[in-house]
Amino acid sequence: MNLSFANLTVISHRDSFDKAVTKNVVVVALSISINYINVNLIHTFRRHQIFYMNPRYILFIHLVVNDMIQLTVTILLFLISYTLHTISASLCCILILLTVCTTENTPLNLACMAVECYIAVSFPLRHTQICTVKKTHILIGLIWVMTILSVLPDLLFTLATEPLDFFHARVFCLRETAFPNPSIHKKRNISYIILLVTVWLIILCTYARILFTAKGACKDAKKARNTILLHGFQLLLCMAIYVDPLIKSALKYWFPEHHADSLFACYITIIILPRSISPIIYGLRDKTLRRYLKKYLLCKVNTK
């Protein structure tokens, strides 16, 4: 499970000028479209108290902001691979660390959203006491602390083992070039396995508890079960990032003459498209949020 985002980019010398321009235009157009919806979601959230006083919407909007950061950084790495080709190793380390943190945030955020659904259905009278706005903000802070502590050893180990000249050198920005020590890769794989297994157990347990607690009679319980299933679906899409080396190896074996195009297809399907899932299956699915969001998407300033 080697996580290498920029490694999904296609090195520009493999493409003709026209093909390189086309790929970059496609990537930028998709990122602008997704971020346009995300920005409107954030604007809707900030304009109406009904959203930013509700823990469920706070967790959702954190997921949206997290996806925006990840998408923006990975798009930047893609464009750099075609234009500048190389950047300083120190800048590469910062970009890779930010991308890794936001990637690890996603499954943790999904787990928190699943637990919130479980509490809302199983303990409706205590939900407002357990899931408060203050506790939700603290929880989001803990998510970031956990992911930062997860990647911080990579940086510290690299600082301790690599010469200072390494951080001033120019490199093609991959996770392997930013943190080249093999020990870091082994530690990373173990932490990913623990993270994903933990999140899957949380999602499966919350789904099962809602299923048996409500016994299918409650409309809110059915909606909560469907929501948790969507969490599981999104987690599956997130896991595709962790198996990207296997996917790329298979595509290289099956389509050796179109390897660059295969890598580009992987980049679109594994990195970009999953970032569009949150606003589609959560934001547009929620009736209250959808009612306000429509007006902003259609550039209507009157939201009354």
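# A helical chain and its nonpolar cores

Leaving aside neighbours within four places in sequence, Val 199 is in contact with Pro 107, Leu 108, Ala 111 and Leu 235; contact here means heavy atoms within 4.5 Å. This is a predicted model, in which local features need pLDDT of at least 70 and side-chain atom pairs count only at pLDDT 80 or more, while totals for chains, interfaces and linings use all residues. Residues are numbered from 1 along each chain as its sequence is written, and side-chain values use heavy atoms, with hydrogens and water left out.

**The chain as a whole**

The secondary structure comes to 14 helices and 2 strands. Both are DSSP runs numbered from the N terminus, with helices (H or I) of at least four residues and strands (E) of at least two. Of the 304 residues in the chain, 48% are buried; buried means under 20% relative accessible area, exposed means over 50%, and partly exposed lies in between (1.4 Å probe, protein chains only). Among contacts with a separation of 6 or more, 80% are between residues 24 or more positions apart.

**The cores**

Val 199 returns in the largest nonpolar core, where Leu 41, Phe 60 and Val 199 touch the most other members out of 36 residues. Helices supplying at least two residues each to this core include H1, H3, H4 (89-122) and H9 (182-214), and H4 gives the most, with 10 residues. A second, separate core has 21 residues, among them Ile 87, Ala 89, Cys 93 and Tyr 192. A nonpolar core is a set of buried Ala, Val, Leu, Ile, Met, Phe, Trp, Tyr and Cys residues joined through side-chain atoms within 4.5 Å.

Helix H4 also holds Glu 116. With a relative accessibility of 4%, Glu 116 counts as buried. Its contacts, leaving aside neighbours within four places in sequence, are Arg 56, Leu 59, His 127 and Cys 131.

**Helix H1 and the annotated spans**

Helix H1 (residues 17-47) has 31 residues, so at 1.5 Å a residue it should span 45 Å; its end C-alpha atoms are 44 Å apart, which agrees. The expected span is 1.5 Å times one less than the number of residues. The buried residues of H1 include Lys 23, Asn 24, Asn 35 and Leu 41.

An unreviewed UniProt entry carries the annotation "transmembrane region" for several spans, including residues 25-45 and 190-212; such annotations may be inferred rather than shown by experiment. Residues 25-45 are 100% helix, with end C-alpha atoms 30 Å apart. Residues 190-212 are also 100% helix, and their end C-alpha atoms lie 33 Å apart.

**An aromatic cluster**

The structure holds 7 aromatic pairs. Rings of Phe, Tyr and Trp (its six-membered ring) pair if their centres lie within 6.5 Å; planes under 30 degrees apart count as stacked, over 60 as edge-to-face and the rest as tilted. Here are two of these pairs:

| Pair | Centre distance | Plane angle | Type |
|---|---|---|---|
| Phe 78 and Phe 264 | 6.1 Å | 50° | tilted |
| Phe 78 and Tyr 267 | 4.7 Å | 25° | stacked |

Phe 78 lies in helix H3 and Tyr 267 in helix H12, so their pair ties together parts 189 residues apart in sequence. Tyr 267 is buried at a relative accessible area of 1%, and Phe 78 is buried at 0%. Ring pairs link Phe 78, Tyr 82, Phe 264 and Tyr 267 into a cluster.
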